[in-house]
Amino acid sequence: MQLFLTSLTASIILFSSLGVVLTRNVVHAAIFLLVTLIGVSALFLVQLAEFLALVQILIYAGAVIIVLMFSIMLTRETEQTAVSNNTGKLMLGGVSLLVFAGFCFAIFMTDWIIADYVSNEAGRFVALGKALFSDFLVPFEIASLVLLVALVGAVILTREGREGA
Amino acid sequence: MIELQILLVTAAAVFCIGLYGVLSRKNAVLVLMSVELMLNAVNINLVAFSRYVFSSNVVGEVLVVFIITVAAAEVGLAMAIVLRLFRNWRTINLDNVSKMKN
């Protein structure tokens with residue numbers, strides 16, 4: 001059952017992410033990205049990472065897609081960009097496929113040691129919270145600082161500047 | 001065993017699709033979306049390892065939380081830069097925008 005669900009969500013992720021890079025319409029690409037992100041969230045749920053599935057929906061599907069939609073709507077190009085050369089795209093696709101083949105070689109050549117899944121009765125939620133506030137306290141605080149700096153930087157960049165470039 | 005490999009191959013495929021998008025797209029917003037795809041591929045990888053290889057601790061999931069944080073900050077800043085570019089240049093085609101100073 002779990003194998004079936006994993007394969008199903010994995011195929012949804014694969015096809016919708018192909019849609020992101022292959023479609024011509026920018027809004028369609030954003031919708032495909034939304035499907036991909038929700039698929040990743042479902043994959044997290046299948047793999048027993050419930051908190052991450054929740055965070056994925058909240059931040060990616062809730063915030064990031066909205067921000068991307070805003071930037072699409074606000075920067076509509078008047079003229080459609082000219083067709084780019086196909087040989088260049090074919091070459092780039094070849095490069096990506098080569099990288100993928102390298103990854104697959106590494107994945108299938110390694111004999112993974114599968115550890116038994118430890119399900120402590122408190123659950124992953126509690127373990128994740130404890131790890132965040134004990135071992136990873138300093139990185140956690142730095143992450144909040146990063147968010148604050150990004151927020152202030154975004155406001156300053158978009159403001160109609162007095163001295164702005 | 002087979003499930004871990006399904007997850008890893010999926011993550012590798014999504015990463016390479018995102019790589020292709022970053023390399024081939026001209027629109028800055030589409031490049032951003034491809035970067036999001038690559039970040040999500042890394043997240044899938046971390047969750048897979050956290051579930052199947054290092055399941056005694058939750059370090060992989062903590063790293064995913066940090067990656068999602070950085071991705072959110074990155075999208076906010078990148079949107080600000082894209083809007084600024086559009087205001088100054090009236091285009092977000094990356095081939096036409098080769099310097100940030102007017």
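Predicted model: local features only at pLDDT ≥ 70, side-chain atom pairs only at ≥ 80, totals over all residues.
In chain B, 66 residues are in contact with 69 residues of chain A. Three helices of chain B, α1 (2-24), α2 (28-52) and α3, each supply at least two residues to the side that touches chain A. The largest share comes from α3(B), with 21 residues. By class, this side of chain B has 44 nonpolar, 15 polar and seven charged residues.

Helix α6 (residues 137-158) of chain A packs with helix α3 (residues 59-89) of chain B at an angle of about 10°. Their axes lie 9 Å apart. Because the angle is under 35 degrees, α6(A) is roughly parallel to α3(B). Among the contact residues of α6(A) are A:Pro139, A:Val146, A:Leu151 and A:Thr158. Those of α3(B) include B:Phe66, B:Val70, B:Leu77 and B:Arg84. The residues of this contact divide into 15 nonpolar, four polar and one charged.

The largest nonpolar core has 63 residues. Helices α1 (2-22), α2 (26-46), α3 (50-74) and α6 of chain A each give two or more residues to this core, as do α1, α2 and α3 of chain B. Its largest share, 13 residues, comes from α2(B). Both domain 1 (1-82) and domain 2 (84-165) of chain A contribute at least three residues each. The residues with the most contacts inside the core are B:Val14, B:Val29, B:Met33 and B:Ile44. Leaving aside neighbours within four places in sequence, B:Ile44 is in contact with A:Val40 and A:Leu43 of chain A, and with B:Leu7, B:Thr10, B:Ala11 and B:Val14 of chain B.

Terms used: Residues numbered from 1 in each chain as written. Chains lettered and ligands numbered in written order. Axes fitted to C-alpha atoms, helices over the stretch in contact; angles between N-to-C directions. Helix = DSSP H or I, 4+ residues; strand = E, 2+ residues; numbered from the N terminus. Parallel < 35°, antiparallel > 145°, perpendicular 65-115°, else oblique. Contact = placed C-beta atoms within 7 Å. Nonpolar A, V, L, I, M, F, W, Y, C, P; charged D, E, K, R; others polar. Core = buried A, V, L, I, M, F, W, Y, C linked by C-beta atoms within 7 Å. Buried ≥ 20, exposed ≤ 12 C-beta atoms within 10 Å, placed from the backbone. Domains from an automatic or database assignment.
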